[in-house]
Amino acid sequence: MGHTNFATLKSMIDKELVQGVPDIKVEKEICSSCLLGKQTRKMFPLEATFRASKKLELIHGDLCVPITPSTKAGNKYIFALIDDFFRYMWTILLKEKADAFQKFCNFKSLVEKESSTRVQTFRTDRGGEFVSHEFNSFCEKSGITRHLTAPYTPQQNGVVERRNRTMMEMTRSILKHMHLPNYLWGEAIRHTTYLLNRIITRSLKDKTPYECFRDRRPTVEHIRIFGCIAYAKIDKQQLRKLDDRSRILIHLGTEPGSKAYRLFDPQTQKVVVSRDVVFDEGKGWDWKYSNTGKDGDGSFDITFHNFGNHGLQDYEEISQSEHANIEQNKQNHDETEEIEHEVENETEYEAKEEEEHETAENTAENTNSPSLKWVFKLKRNSDGSINKHKARLVAKGYVQQYGVDFEEVFAPVARIETIRLLIDLAASHGWEIHHLDVKTAFLHGELKETVYVCQLEGFEKQGREEKVYRLNKALYGLRQAPRAWNNKLNNILMELGYNKCSKEPSVYRKQVSNHVMIVAVYVDDLFVTGTSLELILKFKKEMSSKFEMSDLGLLSYYLGIEVIQHSKGITLNQSRYAIKILEETGMKDCNLVHTPMDPSYKPSKVETEKEVDATVYRRNIGCLRYLLHTRPDLSYSVGVLSRYMQSPRESHAAAMKHCLRYLKGTISLGLLYNRCDKAKLNGYSDSSHNVDPDDGRSTTGNVFYLGESPISWWSKKHDTVAMSSCEAEFMAGTEAAKQAIWLQDLLSEITGNSSEKVTIFIDNKSAIALTKNPVFHGRKVTHVPGEEQKADILTKALERIKFKEMRDLIGVRDMEKEDFELKGEIVGVSSKT
């Protein structure tokens with residue numbers, strides 16, 4: 001009968017509904033075929049059979065799936081915790097699942113002190129973050145009983161699952177009501193949790209969770225509509241008579257642990273805390289109606305706001321006449337800007353012509369003269385805001401011929417290792433670092449060769465169009481312009497009494513009594529530090545008398561690196577640049593991983609795989625390589641991927657995406673240079689033997705420290721094949737010795753003191769036995785255990801736990817977790833939630 005169930009067969013036989021059925025006795029028995037073909041899930045009870053009888057007797061926990069887009073702080077997960085007895089709720093935002101253990105430890109410590117009782121039972125699903133060895137060990141030591149749901153059975157943890165649904169529904173509603181952008185969902189979750197604890201639930205009779213847990217009734221008179229307009233009082237003391245006394249912000253709820261409101265400034269993307277606030281709950285910020293246009297080459301955006309309305313939006317439709325007014329304002333603005341731009345260009349061209357003493361010559365003898373063009377560029381600050389609009393007259397120097405109109409072109413610039421060394425030196429001694437910029441630096445260079453350029457299109461002399469200009473001074477774009485400027489600057493610094501370092505030609509030193517002044521040159525950027533602030537200010541005045549200078553004050557942004565100088569030291573990071581890389585590669589909203597390279601991945605040429613776009617691959621690798629200035633944890637993975645730029649394959653592109661996913665979760669990492677009494681130079685050297693399957697060559701990793709912070713590191717493949725691990729380690733140690741000699745001599749020359757012997761740590765005793773070679777004379781080689789070998793992270797891909805240990809050991813720090821003293825009323829650098 002087709003495996004009809006027993007109840008149906010019995011009913012048919014008893015009622016004689018069909019004919020021909022034999023008179024049999026139906027007995028219930030197990031049919032394996034029915035179970036294989038028709039088994040379903042058992043019914044779940046409508047109510048829980050157990051309910052906690054006191055506070056913290058049972059805690060429900062759950063981790064929501066990743067939410068896209070992430071918050072401004074990079075959070076993607078919600079860790080929800082609910083007390084079973086009082087239904088009181090806590091929510092914690094996480095960047096990655098691995099953070100759940102540490103957050104639970106912090107939660108347990110806080111809630112137990114607050115409630116004067118301890119957590120007895122913790123109920124969760126079987127997610128990897130909850131069943132890890134460290135989580136189970138912690139619960140066992142703390143005396144916490146674990147309740148785990150059956151696989152794929154969230155109904156067994158229904159208290160927190162149902163509350164998650166309620167929380168997300170409320171979050172979506174308050175975001176949609178005020179048309180807020182989705183990246184503010186973290187603030188909405190925090191506000192939703194605040195509200196749910198003050199709203200009654202069917203599990204409690206005539207009481208709110210807040211009253212049950214806190215033993216007092218909640219007050220809600222201070223609650224305002226989430227996302228409404230808020231006018232916050234400006235409390236700064238240096239306000240002028242006609243300055244605004246308040247600013248328009250967006251309400252994000254109450255500030256935890258403070259009798260104040262949490263507000264968001266959409267223009268600066270910063271969170272502000274204020275007590276003196278007036279709310280307009282009938283209005284919200286105009287997130288939608290702003291007109292954005294791009295310039296010709298798309299290098300920057302120009303945004304036109306609705307002037308006179310401060311970006312406000314009423315809950316009424318914008319009339320067509322208002323749109324017409326906005327478009328008219330935009331058109332007028334474009335026309336005015338274009339006229340002003342033309343006038344500025346014409347004025348600058350005339351000034352440049354007068355300054356350079358150009359002389360008109362006949363065209364016949366100078367047929368290969370470079371032509372000129374205007375180049376427009378935006379200069380940005382470290383936070384991405386626009387610093388200035390730059391227009392520059394540039395010569396097309398690619399048509400110049402060697403030996404005809406140019407000869408020497410090389411101009412030295414400070415190596416990035418030198419910059420980090422100087423920053424570490426300044427941090428350890430508490431020196432200030434100042435930043436100077438020479439305006440139109442290349443225009444000061446004096447030419448030795450005879451160079452002709454064509455007249456600029458649109459600015460030809462009437463009646464003399466066939467003439468060309470002979471330059472007496474350099475122009476941007478000429479092959480010899482960097483060399484000419486460097487010679488000019490070198491002569492000026494020599495006149496001021498500075499001596500060039502023999503080990504680093506772009507660093508200059510001056511001794512005045514017991515004080516030292518140091519200047520590092522990178523094209524037109526001057527890095528200035530020293531023991532005396534008075535000497536630094538004097539140097540600025542002397543340079544201003546020679547060139548037109550921009551005094552940028554304390555160093556805060558240098559070569560794309562964000563620099564923060566504070567009382568405890570100096571920090572370096574490239575978070576803005578990392579975000580830009582993710583945006584350009586389309587990986588801004590990708591999922592996170594914990595390591596930059598999968599340890600199981602074996603890189604090789606794999607010529608049988610399909611090729612990928614080499615141009616895109618090379619561009620992405622180039623961006624990642626520049627990020628290595630402050631990220632030694634990426635050196636190995638990026639170095640390996642750089643080996644396949646000639647013919648990248650699908651596996652290489654996948655490995656690069658893996659590296660970008662790691663970057664997404666570690667944007668805030670950087671370097672911290674602490675203040676210390678005495679900083680000693682030492683290094684670590686390591687090598688992985690025969691790791692390249694294509695040619696069998698080893699990978700070397702070296703890192704050097706001045707004090708506790710890294711100043712120089714690299715990860716590269718050997719030039720030759722090593723026959724043993726001992727030989728590979730010895731070859732790596734030899735390269736480390738060369739770098740140690742250079743750093744030692746440079747440090748001695750800069751400080752004016754003879755430095756101590758450099759200690760190089762190697763974890764191979766056989767290689768240490770070979771260091772009697774004269775190349776190691778003057779260096780002290782010491783054995784270090786493998787687990788303390790800081791260069792290990794530069795030679796191989798490590799497992800997740802080992803990688804994080806080595807990343808901390810090498811000196812990479814999370815800048816968001818460092819405790820810096822911040823001034824002003826802004827309490828967060830972004831809308832962190």
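Trainee: Where is the place of E460 in this predicted model?

Mentor: The model is a predicted one. In the chain, strand β18 covers 446-454 and strand β19 covers 467-473. E460 has its place in the loop between β18 (446-454) and β19 (467-473).

Trainee: Is E460 buried, partly exposed or exposed?

Mentor: The relative accessible area of E460 is 36%. Buried requires a value under 20% and exposed a value over 50%, with partly exposed in between. E460, at 36%, is therefore partly exposed.

Trainee: Which residues gather with E460 in a patch of negative charge on the surface?

Mentor: A residue needs over 30% relative accessible area to belong to a patch, and E460 has 36%. The residues that gather with E460 in the patch of negative charge are E457, E465 and E466.

Trainee: Is L17 buried or exposed?

Mentor: L17 lies in the loop between α1 (6-14) and α2 (32-38). Its relative accessibility is 58%, and the cut-off for exposed is over 50%. L17 therefore counts as exposed.

Trainee: What is the area of the nonpolar surface patch that includes L17?

Mentor: L17 makes this nonpolar patch together with V18 and V21. The area of the patch is about 250 Å².

Trainee: What percentage of the residues in the protein chain is buried?

Mentor: The protein chain contains 18 helices and 34 strands, and its accessible surface comes to about 44,700 Å². Of the 833 residues in the chain, the buried ones make up 46%.

Conventions
Residues numbered from 1 in each chain as written. Predicted model: local features only at pLDDT ≥ 70, side-chain atom pairs only at ≥ 80, totals over all residues. Heavy atoms only, no water. Helix = DSSP H or I, 4+ residues; strand = E, 2+ residues; numbered from the N terminus. Buried < 20%, exposed > 50% of the residue type's maximum accessible area, 1.4 Å probe, protein only. Areas by Shrake-Rupley, 256 points an atom, 1.4 Å probe, with all protein chains shown as cover. Patch = residues over 30% accessible without salt bridge, like charges linked within 9 Å, V, L, I, M, F, W, Y side chains within 5 Å. Salt bridge = Lys/Arg side-chain N within 4 Å of Asp/Glu carboxyl O. Lys, Arg positive; Asp, Glu negative; His and termini not counted. Charge placed at Lys NZ, Arg CZ, Asp CG, Glu CD.
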